[in-house]
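Open the structure in your viewer and keep the selection tool at hand. The tour goes from one selection to the next and says what is there.

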Amino acid sequence: MPSCERLSELLDPTVTVLLTVECQQGVVGPDGALPELARAARSSGALGHVARLVAAAHDGDVQVIHAIAERRPDGRGAGRNARLFRAAERLPVRQLSGTTAVRVAPPIEVAEQDIVVRRLHGLSPIQGTEVDALLRNLGCRTLIVTGVSANVAIPNAVFDAVNLGYTAVVPADAIAGVPADYIPAMIRHTLALVATVATTDEVLGCLRRPRRGA
């Protein structure tokens, strides 16, 4: 884990953005398309930790971006070049634009100042979306990555952030995936090589700590 001073330096609220990834009702909600992933996100406490981080970001004037994956009812623009995409077409709950499935899931609260970015294609919430341009316009240097899934979208987001020059911070208990025993190994042997891994409480401690000269 990083030192408190190092993490506090990275999480300067003036240059930090909090990203929630696919924390939408059709994915992590109780009636979502992927029940095993939804159970993991809730039973592990990850979804609750994301909600805590979002609330602290709102209180601390840290920008929040919610990345949502959705598709048109007619499927136009959606990829079929991966097994995951083709399987999604057969799921009983589909992430259709304008439906409840693509709303941010409770207990996460969306504030007026939050930005919601919706994508129709791809595996990453950053590559091929407007997120990078938004981060640059916001003066972001550090991106806190939270949400699901730790199998696919979270690693994509972290790699893309690092490749684009941002410092990625991952609260390990604010991401979820399946199976549960895969996630610690993935964090230790993959994400920890490119991102600063911390806990939700450590990140919250930095976000809430008064800054020098404030």
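A salt bridge here is a side-chain nitrogen of Lys or Arg within 4 Å of a carboxyl oxygen of Asp or Glu. The model is predicted, so local features need pLDDT of at least 70 and side-chain atom pairs count only at pLDDT 80 or more, while totals for chains, interfaces and linings use all residues. Residues are numbered from 1 along each chain as its sequence is written, and side-chain values use heavy atoms, with hydrogens and water left out.

Select Arg136 and Asp132 to begin, whose side chains meet in a salt bridge at 3.0 Å, N to O. Both residues lie in helix α6 (residues 131–137), four residues apart, about one turn of the helix; helices (H or I, at least four residues) and strands (E, at least two) are DSSP runs, numbered from the N terminus. Arg136 is partly exposed, with a relative accessible area of 47%, whereas Asp132 is buried at 18%, where buried means under 20% relative accessible area, exposed over 50%, and partly exposed in between (1.4 Å probe, protein chains only).

Next, select Arg119 and Glu22, which form a salt bridge of 2.8 Å, N to O. Arg119 lies in strand β3 (residues 115–119) and Glu22 in the loop between β1 (16–21) and α2, so the pair ties together parts that are 97 residues apart in sequence. Arg119 counts as buried at 7% relative accessibility, and Glu22 is buried too, with a relative accessible area of 13%.

A pocket is found on a 1 Å grid over the protein atoms alone, as an open set of points where a 1.4 Å probe fits, with protein on both sides within 12 Å along at least five of seven lines, and its lining residues have an atom within 4 Å of a point. Of the 31 lining residues, the closest to the centre are Glu22, Leu34, Ala69, Leu84 and Ala88. Which element gives the largest share of the lining? Select α5, which supplies four residues.

Finally, select Cys140 and Cys206. The structure holds zero disulfides (a disulfide being a pair of cysteine sulfur atoms within 2.5 Å). The cysteine sulfur nearest to Cys140, that of Cys206, is 16 Å away. Cys140 is buried, with a relative accessible area of 8%, and Cys206 is buried at 1%.
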